[in-house]
Amino acid sequence: MEFLELLNFYIIPGLVLGSIYALGAVGITLVFAILRYAHLAHGDIATLGAFVAFAAVTLLGLPVYAALPVAMVVTAFAAVGIDKLFYDYLRERPRIVTVMASLGVALMVRSLVQVIWGVDAESYIRGIARPENWWGIRLKDREIVTILTMIGLVLALQLFLMKTKWGKAMRAMSDNPNLALLSGVDNGKVVFLTWLIVGGLCAASGFFLGLNTELKSMMGWQMLLPMFAAAILGGVGRIEGAVLGGLIVGVAEEVSVIFIPSEYKAAMAFVILLLMLLLRPTGLLRGKVL
Amino acid sequence: MLEVENLVMEYGGFRAVDRCTLTAEEGHITGLIGPNGAGKTTLFNLIAGAIEPTSGRIRYMGEDITHLSADKRFHKGLVRTFQIPHEFHRLTVLENLMMVPGHQAGESLFANWFAWGKVAGDERETERRAWETLEFLELTHVADERAGNLSGGQKKLLELGRTMMTDARLVLLDEPAAGVNRTLLRKLEEKIAILNKERGYTFILIEHDMEMIEKLCHPVICMAEGTVLIEGDFQTVRSDPRVLEAYLGETVGDAA
Amino acid sequence: MEWIGLLNYAVFMAIFICIYGLLALGLNIQWGFTGLFNAGIAGFFAVGAYASAILTTPEAAGRIGGFDLPVPVGWAGAMVLAAAIAWPIGKICLRFRSDYLAIATIGVAEIIRLVVKSEDWLTNSARGVTNIPRPFGDLPYVQSQLAYLALVGGILLVVYLLVERQIAAPWGRMMRAIRDNELAARAMGKDVPFRRLEAFIFGAALMGLGGALFAHLNRAITPEAIDPMVATFLVWIMLILGGSGNNRGAILGVAVVWVIWSFSEILTDQFPPEIAIKAKYIRIFLIGLMLQLVLRFRPEGILPEPQRGVSGKKDL
Amino acid sequence: MSPLLDMREVRGGYGDADILQGVSLNVAPGEIVAIVGPNGAGKSTAMKAIFGLLHVRGGKITIDGKDITGLKPNLIVQAGVCYVPQVDNIFREMTVHENLEMGAFLRSGDQTRAYDRVYGLFPDLKERRKTLAGNLSGGQRQMVAMGRALMLDPKVLLLDEPTAGLSPRYMEQIFQICRDVRDDGVALLLVEQHAKQALAFSDRGYVLASGANRHEGTGAELLADREVAEMFLGG
């Protein structure tokens, strides 16, 4: 196989898919590190975000890319609401109970999407997008936007976490919750901020998946495993690890098609997940192990 | 019976146990004293297999057990208790004892289904033994109480009782007297002495109650900063200036 | 509806309750007694269904088979295969907190779904496996249903008794001890990882058996027959509502949830078609909401876990 | 001098059992007070009781005459008491400077003076302000922990075994820093295992045993008391 062919048909789609996973995995890693449980409704909240953007496009007539910030804000507050309604009161109980609740939330969010938007595939833009040719490298506009937006959002998040007071409070809560409380950090506000960020990232992830493929009510759930694999691969609690993990999982899935039937693309994430748990549960960048 | 050789346990740069070497003779009650942070409980965790050492070796009855899992050590007769009682709080006191014996027929799923007779027979024997232990500890009146509801002292007795439910050979007792009132304490001492004499248990005893150490232990080992400072009979150890220093701290400058 | 129709419906529901009862007992062993979070129940269910189907069906073109083995062999095979899949997953994930097991079991279920959907030679993909022999299948419909109910009811009863015995026995005491204080249980010589694995595998085998009973009831199994999320989730809500840690509660939870689930279907079927299509999703939404309400207001379920092990008052 | 921190006849514990069976102690402004005693005497527990990390069932704790018994830790911080736990007392994955920032979390406005003060007390930290706290040595970590607590400009600083696991060289350094902190106008209450050194450098000391007061006096008095020395080695 030629290098360009490998690049155009496997690596680039892999990086695009990987960017989508990365956006989700960053959220998963934040919830894992700060709230300390696996959030199983993550994928379905991404679906919700994607469909909110769809509504913004079809009902409000917004341009596609303008729908992204709308979806992010709406989904961010939806995530905060979900936490207040369904997770908050379980805080004193064993964390695994919240994992269970999140499984229920996953089902509820998805059926809500199915009730409102139905189960048929939808898309933001009709027609086929033609890739542009850059010295033999074929890239669609939307692919460039996906990757760049992912990088932009992650950089903004890193900046927030490293430079601002409340970003630092979130890191402190992830690092040493007891000491953070002793320092006077308001746990409720950290939780609120976490969900706000996580919800926004979820929406972005769902939006770009919908943009690059199509919108389906099951799309988020099917992303859940690769997103978790990415978070664990990168090391739980490591933002840059989640991005790296997302890109690796995305590329691995696309490249795997060369060797195994394409139906089993999704199995790659699972294999990576098990291998990491077996060989290096702290992930590539030495994260936490709960 | 137990030989610890150059054992090191490091946590993130801090050596809780630092090249510690000691032995415990069969049939003796070896006392282990030393100030807080001397590494006594960490040493117990290492001997019992709750954690793995950074380096060094542990030999038990001639066998290297440094990397053996905790449950396997238990089945070789190496049993420990905890400083803070680790009772099974939702199990009854009787059940706390009955769960102890290893290799019970009823712990196998298949035996439960296809060899109920054997399981039931086994269970009767275990229960008899548990009642015996309760009588020995004078705890029969709380047999059906949830263990979580016991007083601190009773929990300590229960900890000791668990070691009696197996064919223990070497028992590690971590501060059996802490939080126990005087009357119960004397009882505890008496029970430990009986177990040592009549059942031939070898004990290693971490304790801060010097009266108890004096009554029961020979030899006494004093640890400080992760390693053995001095070993000998109680009076020798007690009157050694290094021991006092370890407890009270060295003199800094000439302020004292 | 005339009474014979009602009776038929009741029998049909009772059979399903028995099958789901097996799943709930399996989950109770994993979650209720051991604290293992299995989010891939549907996967083990599907493995059991297909394993038994392949083992017991006559030869069919285009896929492996023709073993034509007796039904009990198929059922045993279903349990063994489900257990065999649980083993490596448990081996890898049980070292960690249960969150990781939850994710991994979601993955297993997903991969099993992929295999079932795409491997023609094995499962005949979308067309599914047909001609599965059904015990008492030659009898007239009503008798046949009743006989099958008696059979699955009997199996459920046997399994219930076995599980109860296992819980009342030293095995159950040991598991409760591990749940109470893992460190102390290890210090008392219990091989905790092995015991967890044992519980996980045993639970998975029961789920496999449930799948097999389902396949033989329908005489056919297709990928559509198992909606992974809904099946898994229904079992969870059944157990949590009924009372995890209590086997009678588990079965009661199955009955309650299944009755609600089925009747809500009858109800929504009366709606005009454009709403009826959506109603399915509203039902799923409500089931999800039900879990949240139970978790919030009655986390111990209808029948809470009993205090076991009081001397002279043994369960068996 | 009227006491700054006053603890009277406090009883309490974690579960149902009372670990503290009536402990009384006080700290005056500009004092270093040490709590010593054999293992299991309830020293750390007494300190946690002051900081509201314990169920207090009896007695009264005041700071500057204000009752803080049973208040939540964040309110106690605002009342002017800061606490440095024995373990897990730093944010390992944050830099030294960020650790100090977290210390000042509740304060608004310009903190330059607070930073200058802490870096003045701990010149070692100033050099390493961009280093991750988890990569520091044990003694430096203790300095980070103390620095974090001092950022709030407390009236009283509570230190739980600040020298545990430290080499003698570092121990002396920490004690020196404690004196500097005191000279800077902060009263200190510390629990110490190294009783002799602690009493030698403290203004006053309390000896606890079995959850109750046993002896009290100036450091020198207690050091000279034969009975106190005996206590550590025998019941």
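In strand 4 of chain D, Lys60(D) is the bridge partner of Arg8(D). Helices and strands here are DSSP runs, numbered from the N terminus: helices are H or I with at least four residues, strands are E with at least two. This is a predicted model, in which local features need pLDDT of at least 70, side-chain atom pairs count only at pLDDT 80 or more, and totals for chains, interfaces and linings use all residues. Residues are numbered from 1 along each chain as its sequence is written, chains are lettered from A and ligands numbered from 1 in the order in which they are written, and side-chain values use heavy atoms, with hydrogens and water left out.

Stay with chain D. Strand 1 (residues 5-13) and strand 4 (residues 55-63) of chain D pair in the antiparallel sense over seven bridges. Two strands count as paired if DSSP finds at least two bridges between them. Leu5(D) stands opposite Ile63(D) in strand 4 of chain D. Strand 1 of chain D also pairs with strand 2 of chain D, antiparallel, over six bridges. There, Met7(D) stands opposite Leu25(D). In general, strands of a sheet pair through backbone hydrogen bonds, either parallel or antiparallel.

Now the whole sheet. Four strands of chain D form an open sheet in the order 2-1-4-5, with antiparallel pairing. Its edges are strand 2 (20-27) and strand 5 (66-67) of chain D, each of which pairs on one side only. Helix 1 (residues 43-50) of chain D packs on this sheet. This helix touches strand 1, strand 2 and strand 4 of chain D. Contact means heavy atoms within 4.5 Å. The direction of helix 1 makes about 110° with that of strand 1 of chain D. Such angles run from 0 to 180 degrees between N-to-C directions, and the axes are lines fitted to C-alpha atoms, for helices over the stretch in contact.

Turn to chain B. Strand 1 (residues 2-11) and strand 4 (residues 55-60) of chain B pair in the antiparallel sense over five bridges. Val4(B) stands opposite Ile58(B) in strand 4 of chain B. Strand 4 of chain B also pairs with strand 5 (residues 63-64) of chain B, antiparallel, over two bridges. Here Arg59(B) faces Asp64(B) in strand 5 of chain B. The hairpin of these two strands has two residues between the strands, and Met61(B) takes a positive phi near 50°.

Chain B has a helix to look at too. Thr42(B) sits in helix 1 (residues 40-48) of chain B. Thr42(B) is buried, because its relative accessible area is 13%. Buried means under 20% relative accessible area, exposed over 50%, and partly exposed in between (1.4 Å probe, protein chains only). Leaving aside neighbours within four places in sequence, Thr42(B) is in contact with Met9(B), Tyr11(B), Ala16(B), Val17(B) and Ile51(B).

Helix 4 of chain A is mostly covered, with 18 of its 23 residues buried. Gly118(A) follows this helix, with a positive phi near 80°.

How do the chains meet? Four pairs of chains touch, and the most contacts are between chains A and C. That contact takes 40 residues from chain C and 49 residues from chain A. The area buried between them is about 4,100 Å², of which carbon and sulfur atoms give 78%. Buried area is the accessible area (1.4 Å probe) that two parts lose on being put together, summed over both. Tyr100(C), Ile103(C) and Met229(C) supply 17% of the area that chain C buries against chain A, more than any other three residues. The count between chain C and chain A is zero salt bridges.

Chains B and C also meet. Their contact takes 36 residues from chain B and 32 residues from chain C. The buried area is about 3,200 Å², and carbon and sulfur atoms give 58% of it. Glu107(B), Leu109(B) and Trp113(B) supply 20% of the area that chain B buries against chain C, more than any other three residues. The count between chain B and chain C is five salt bridges. A salt bridge is a side-chain nitrogen of Lys or Arg within 4 Å of a carboxyl oxygen of Asp or Glu. One joins Asp180(C) and Arg90(B), with the closest N and O atoms 2.9 Å apart.
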